[in-house]
Amino acid sequence: MTISLRTPSFCLSVLVFATLISSASAYITVDMPLVNIYNAADALYVARVKSVDVPQKRVIISVERILREGRKNTVAAPPTDDFALQIDEPKDFLKHVAKGMAVVIFDGQKATAIHLADEWLIAQKPTPRVWRIHGKHELTSSFPGRTVALVKIVESMHKKQPALTKSRDSYTAAQLKELGDPLLDMFEHSNWGAFHSLGKLGINGTQMIAGDVNGDKKPDVLIATSKGVRFYLGGGSAAPVTDATKEWGLTNVTASQAAFGDVNGDGRNDLLLDTSLWINTGSTFVEAKKTLATLEKSQPLAVALADINDDKKLDALVLHKDGRLQILENAGQTDQTWKMHIRQIWTKDESPLAAHFGLWGDNGKLHVMVIWSNDIVRYALHEDGGTPRDYRRLTGRTQEARYFPIKDYAASAPIDLNGGDGRLDLFVATRQGKPRDIILMNRGHGAYWPNNEAGRPKGLTKKNVFPSAMTAADMRSTGSWELLVLTSAGELFQVDSPPYKKGKPAK
């Protein structure tokens, strides 16, 4: 897939952003990049909500910084007087607005684009200190992220110090070309590379994880099956794995979900299997039976070992299909029972297809990405993570009929596809394959591009062969993750995902 950035002339009164995908040409066309909106603004303000008057449908804001005046960057002092936003439409919008929220205002000669409460709004300015908002703006695809993230981007543009590793939205098409087309490389990088068999394991998996367990810097693999977990020591990139289930004490151990993580700080990956914790001694796993004693035996939707309370210790997270998240705080000792908290993440009758914990947002904190048959939704696990973001709010696009509902779901995995840029992308595979597979490419600041044209690895194009479980690992120690796929035929593959440079695989 390639991406084209167009830079037409425009005024804010007729701002239009369109994202068009052609299955034949595999192009995403961006007619209004965020940097163009910035450059077209006669004035640009960063403000904060001071008060909300619901009966009067009015929001009082104070401008904290003026970034542009007369279509030029400025360091002018902010005004001392307050401004007002009069909300005519959407009628229910005020319920999403609260004191202290950030506001970004792109002020034009005839119209204004305002970002507030994570929404793009269109307004006019009938008086010098009042903007009258009369609906949502068609700019969601231009930047579908949160307002707090947009503040960071426009400030980087103002300083003329855009950080490519943080966001590509602050670059013009010409700047990206000068830098070697990193945006093009981002999309091309999701085209799969070489396909290596790591062994015919003869098992059907439901979930798979990878991590270095024995300290040899080679990713090892654990696979959950209906007949018990199987553990394999890795031999390195493109090398066969070795069954070490018995050697590592996991014979006859059953689980549907698993996660690696160092819970006791000894530098070794421990193991969470559904509702039980297993400690890595260096040569075997030993169950810490007291640690998660308060958990009932169950088959959860997803589990993780992650620091949820910012105390530098990995806690145990168990997410259930009904939206209950059980958090067991790491007490520092694995022979003690960890304290449990329960949080309801969602309330729906429908059960999700899968879920993945990870740094999916814009604040560097843990989120969970949940895959439903009709949607993909990101839920924040910290208060400053914002409200749930569905597919439209993640990508700025409506749900394409050829991808939703997700039919014949096979497997999914978080993977850093973009040449090792440190951001999680999401790959959702179906039994039918292209064009129903979905790749969400992380564009930075918690926003995503849907790249649905990359297809699937050529080794999965055989009849009745599809992924039954997937995970990702840096098999080549290059910072760019490879995809590990267990097929429905019971064979484990490594699928290379080479970085691209100027639209071609980097050597």
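This is a predicted model: local features need pLDDT of at least 70, side-chain atom pairs count only at pLDDT 80 or more; totals for chains, interfaces and linings use all residues.

Student: How many aromatic pairs does the structure hold, and how do I read one?
Tutor: A pair of aromatic rings is described by two things, the distance of the centres and the angle of the planes. The structure holds 11 such pairs. Take Tyr-45 and Phe-83: their ring centres are 6.3 Å apart and their planes stand at 40°, so this pair is tilted. Tyr-45 belongs to strand β4 (residues 43–53) and Phe-83 to strand β7, so the pair ties together parts that are 38 residues apart in sequence.

Student: Is Tyr-45 buried or exposed?
Tutor: Tyr-45 is buried, with a relative accessible area of 11%. Phe-83 counts as buried too, at 6% relative accessibility. For an edge-to-face example, look at Tyr-391 and Phe-404, with 4.9 Å from centre to centre and 65° between the planes. That pair links distant parts of the chain, 13 residues apart: Tyr-391 is in helix α5, and Phe-404 is in the loop between α5 and β28. Both Tyr-391 and Phe-404 are buried.

Student: Which charged residue sits over the ring of Phe-83?
Tutor: That is Arg-129, whose charged end is 4.8 Å from the ring centre of Phe-83. Another case is Lys-348, which lies over the face of Trp-372 at 4.1 Å from the ring centre.

Student: Now the backbone, please. Where should I look for a cis peptide bond?
Tutor: The general idea is that most peptide bonds are trans, and that most residues other than glycine have a negative phi. Here, the bond from Phe-404 to Pro-405 is cis, with omega near 0°. Pro-405 is placed in the loop between α5 (391–395) and β28 (409–415). The bond from Glu-89 to Pro-90 is cis as well, with omega near -5°, and Pro-90 is found in the loop between β7 (83–89) and β8 (102–107).

Student: And which residues other than glycine have a positive phi?
Tutor: Among them is Arg-71, with a phi of about 60°, in the loop between β5 (58–69) and β6 (72–73). Asp-274 has a phi near 55° and sits in the loop between β18 (270–273) and β19 (276–280).

Student: Last topic, strands. Which strands pair with β30?
Tutor: In a regular strand, side chains alternate between the two faces of the sheet. Strand β30 (residues 438–444) pairs with β29 (residues 425–430) in the antiparallel sense over 3 bridges. Strand β31 (residues 447–450) also runs antiparallel to β30, and 4 bridges join them.

Student: What stands opposite Leu-440 of β30?
Tutor: Leu-426 stands opposite Leu-440, and Leu-440 also stands opposite Pro-450 in β31. Strand β30 is mostly covered, with 7 of its 7 residues buried.

Student: What phi does His-445 take in the hairpin of β30 and β31?
Tutor: His-445 takes a positive phi near 55°, in a hairpin with 2 residues between the strands.

Technical notes. Residues are numbered from 1 along each chain as its sequence is written. Side-chain values use heavy atoms; hydrogens and water are left out. Buried means under 20% relative accessible area, exposed over 50%, partly exposed in between (1.4 Å probe, protein chains only). Two strands pair if DSSP finds at least two bridges between them. Rings of Phe, Tyr and Trp (its six-membered ring) pair if their centres lie within 6.5 Å; planes under 30 degrees apart count as stacked, over 60 as edge-to-face and the rest as tilted. A charge sits over a ring if NZ of Lys or CZ of Arg is within 6 Å of the ring centre and within 35 degrees of the ring normal.
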